[in-house]
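Please open the structure in your viewer and keep the selection tool at hand. The tour below goes from the whole chain to single residues, and each stop names what to select next.

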Amino acid sequence: MTQQKIKELKQSLNSEFQLIHELCLYVLSASQRAELVRATLSTLHAFLSWIPLGYIFESMLLELLLNFFPVTAYRNLTLQCLTEVAALAFGEYYNKQYVKMYSIFMVQLQGIVPPSTNFLEAYANGNNEEQAFIQNLALFFTSFYKSHIRLLESSQESINALLMGLEYLINISYVDDTEVFKVCLDYWNSLVLALFEAHHNLDNPAATANMMGVQIHIIPGLNDAHNSPLMQRRQLYAGPMSKLRLLMICRMAKPEEVLIVEDENGNIVRETMKDNDVLVQYKIMRETLIYLAHLDHEDTEKQMLKKLSQQLSGEDYTWNNLNTLCWAIGSISGSMVEEQENRFLVMVIRDLLNLCEITKGKDNKAVIASNIMYVVGQYPRFLRAHWKFLKTVVNKLFEFMHEIHPGVQDMACDTFLKIVQKCKRKFVTVQVGENEPFVSELLTTLPTTIADLEPHQIHSFYESVGTMIQAESDAIKRDEYLQRLMQLPNQKWAEIIGQARQSVDFLKDPDVIRAVLNILQTNTSAATSLGTYFLPQISLIFLDMLNVYRMYSELISTSIAQGGPYASRTSIVKLLRSVKRETLKLIETFLDKAEGQPHIGKQFVPPMMDPVLGDYARNLPDARESEVLSLFATIINKYKGSMIEDVPRIFEAVFQCTLEMITKNFEDYPEHRLKFFSLLRAIAANCFPALIHLSSEQLKLVIDSIIWAFRHTERNIAETGLNLLIEMLKNFQASEFCNQFFRTYFLTIEQEIFAVLTDTFHKPGFKLHVLVLQHLFCLVESDGVTEPLWDVATVPYPYPNNGLFIREYTIKLLSSSFPNMTTTEVTQFVNGLFESGQDLPLFKNHIRDFLVQSKEFSAQDNKDLYADEAAVQREKERQRMLSIPGLIAPNEIQDEMLDS
């Protein structure tokens, strides 16, 4: 049924509802049959959300419902009906009735369940009816408060009832049921946000000060008229908000960074899969707690420290209690002023380290370790300001790196990297009371520190130390640190290469191949953080690495040639290919990160031409590495025009052979597809003159491949193709070959773009489709193409200009594609395109309206057509969040940390 049809049916029912209403009232007031009453209440529940309010408030209905509420048999159905009434909000006409309804309801509720009820136990031990009642109660309170809470703030009597209702809702929020908690949390988030925004309003001085992280208490009489209702409202909710803080601390959801969880058997294990529901819940709870912290920092701090002391004394210690407390402490990072944050964290970290010392048991240690790591990882500002704490924390992380408990080592390595990225300069300067920088001390003990780590953890460790070294400004010290860092992998590499020189078969041993792979991965990790400063190390291994690459490539080709297509799936071939990929990744990482060093390209690119490019061309399709394409795309994006002379060679090696692999269908070689078009785009953007010198057959291949790309339903391939097309159009328009190019390809491109624009599978590309069409239409309107775009030999009638010809051509094209639209409609649309061509928003809206009206799009979800507007909205929300200290965690803010 369409929305319109539903609306019409409701309207006709509305006029006849009087009869239904009278019947319901009659049954509820006169019937003794339980089943009939229940059926009547169910019927009412379905009608209440949309019947005229007079039927509810100007008849006996509400009174009858409230009378039924205490009766156990009808309690749930009645509560559902009352919830529907509570959710209605149409002006102020029935405000008094709402307050009266709420007051009577609260009196009756106390008779059913007293406010002191432990809802957590009542829900756990209750039957289905009782559990449903608690859930319905949560829905009633949240619905009523969302629409009418301000009404209850008007008199002392209703305020008392309101505070009691909030007490009930806080107690219900402790119920261990996800759905019940979601209902409550959603409301708490909106209430706290409303209270916070009233104080964050920049019109008053307190909010401005609070934004800057300064808390000032308003002096009575200062700007009194403006502030007094605000302050009164804040005081009114102070009690419930304090209890709500405790609730948030006790029920905090697990953040993404925590990798250690309790399984269903009560064991502490490493998390195997992220739970998205929990992450969404964490995000909402974190936001709520930050607003609560801003409303009263003192109370937040007091409650957290009290709960922490209970953990330490053992009176409240459980894994869950410690976890939720530490997750809450970590989640409010950035919301306090620095002085308060320092005072608070000194106590928190000291207590957690003490707890770690006094608690026995492997699982206990793992839980406490994960909490220490999570908390310290959230407060980089504090660590930068307190070297002693920073050093203690990092040494504690090194201790945890020897902890064999699953998940602890991973978390230690992750936290170490996170801390180093934010405090890197602290490790390369000699701190007070120290003889040498921490990095030097660390490099001396490095073999012992990483002794118990897995390979992937060692790689993370190397990236962290590389980040430290990168912060050293003295080149001599930096190179010395790098050489000490790479000592272990370099020793192993020298051994392997030495053995290989005596017998090349040594390199074929699977254990040796794994060792080579591990060494390359370690190098890539260090290159990731060191960038340009990695040059001495890569120069050391580069040529040997290319020789290993060439040899492994020949081994792969021989295996595939002898063993057929299945050989590419054998473990030895997969291992050899991993080494090739890692080699390419290492070179690409280094070249990509090496800033302001144009000579590096000249040093590294020529030696790679044959071992890498030549090898790609010579190989069988199954043995070609897609990373070759992304490596050369990176090189061209990096060294731009200086690569023009090399483009023909690159083109010759990869173009034809890759196209044959990817144009058989839309599925095979997905990695090669995206990287191939990224390489083409890099060439078009940076080395366009090289494309102009292609033969017409080669250029046709390029255009065909671009069309092939944007026809792709894989979003990122289609987008790369469209971006590449836009680059090509702009570059050709500005070149001497403008007429020749557009005469050959204008109509083809227009036709193909309209084909994808009007295909509902290609909605995500809408923004780029619009840009291509705008470019084409503006080009002909401004006489950018001076030669006729029609075929003079076959078109007898000469058009006065290209603009007129393209209008006619487009009308014919669209008329055949949309037979259900009249010629007038299509002509109107095409004329509109030409008229709005210079104004992009207007042009885009015009096309969007046309699509939404068309039969194909009208019945679909068209949110992709509004992606631009959604992006603007997201940016606005981000700016709002940035204006509130702590809402975006300090770790997520990209800043060059002030740790000098």
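How many of the 900 residues of the protein chain, in percent, count as buried? The value is 52%, where buried means under 20% relative accessible area, exposed means over 50%, and partly exposed lies in between, computed with a 1.4 Å probe on protein chains only. This is a predicted model, in which local features need pLDDT of at least 70 and side-chain atom pairs count only at pLDDT 80 or more, while totals for chains, interfaces and linings use all residues. Residues are numbered from 1 along each chain as its sequence is written, and side-chain values use heavy atoms, with hydrogens and water left out.

**The whole chain**

Begin with a cartoon view of the protein chain, which has 42 helices and two strands; helices (H or I, at least four residues) and strands (E, at least two) are DSSP runs, numbered from the N terminus. Along its principal axes, the C-alpha trace spans about 95 × 90 × 60 Å. Among contacts (heavy atoms within 4.5 Å) between residues at least 6 apart in sequence, 74% join residues at least 24 apart.

**A covered helix**

Select residues 61-68 next, which form helix α4. Six of the eight residues of α4 are buried, namely Leu61, Leu62, Leu64, Leu65, Leu66 and Phe68.

**The nonpolar core and Trp188**

Now select Phe105, Phe141, Tyr145 and Trp188, which touch the most other members of the largest nonpolar core, a set of 298 residues. A nonpolar core here is a set of buried Ala, Val, Leu, Ile, Met, Phe, Trp, Tyr and Cys residues joined through side-chain atoms within 4.5 Å. In soluble globular proteins, nonpolar side chains tend to be buried together. Stay with Trp188 and show its surroundings: leaving aside neighbours within four places in sequence, Trp188 is in contact with Leu166, Leu169, Ile170, Ser173, Leu244, Leu247, Met248 and Thr288.

**Helices α13 and α14**

Which residues make the contact between α13 and α14? Select Met241, Leu244, Arg245, Met248 and Arg251 of α13, together with Met285, Thr288, Leu289, Leu292 and Leu295 of α14. These residues divide into seven nonpolar, one polar and two charged, with Ala, Val, Leu, Ile, Met, Phe, Trp, Tyr, Cys and Pro counted as nonpolar, Asp, Glu, Lys and Arg as charged, and the others, Gly among them, as polar. Helix α13 and helix α14 (residues 276-295) pack at an angle of about 145 degrees, with their axes 10 Å apart; axes are lines fitted to C-alpha atoms, for helices over the stretch in contact, and angles run from 0 to 180 degrees between N-to-C directions.

While α14 is on the screen, pick out Ile284, which is found in this helix and counts as partly exposed at 31% relative accessibility. Ile284 and Asp186 are 98 residues apart in sequence, yet their C-alpha atoms are 8.0 Å apart in space. Not counting residues up to four places away in sequence, Ile284 touches Leu185 and Asn189.

**Salt bridges**

A search of the whole structure finds 33 salt bridges, each being a side-chain nitrogen of Lys or Arg within 4 Å of a carboxyl oxygen of Asp or Glu. Select Glu167 and Lys243, whose closest N and O atoms are 2.6 Å apart. Glu167 lies in helix α9 (residues 156-172) and Lys243 in helix α13 (residues 238-251), so this pair ties together parts that are 76 residues apart in sequence. Glu167 is partly exposed at 26% relative accessibility, and Lys243 is likewise partly exposed, at 40%.

Move on to Glu627 and Lys675, a salt bridge with its closest N and O atoms 3.9 Å apart. Glu627 is in helix α30 (residues 627-639) and Lys675 in helix α32 (residues 670-686), 48 residues apart, and both residues are buried. Lys675 also forms a salt bridge with Glu671, at 3.4 Å between the closest N and O atoms; the two lie in helix α32, four residues apart, about one turn of the helix. Lys675 has a relative accessible area of 18%, whereas Glu671 is partly exposed at 48%. To see the network joined by salt bridges that share partners, select Arg577, Arg581, Glu625, Glu627, Glu671 and Lys675.

**Last stop: Ile329**

Is Ile329 buried or exposed? Ile329, found in helix α16 (residues 319-331), is buried, with a relative accessible area of 0%. Not counting residues up to four places away in sequence, Ile329 touches Met304, Phe344, Val348, Val375 and Tyr379.
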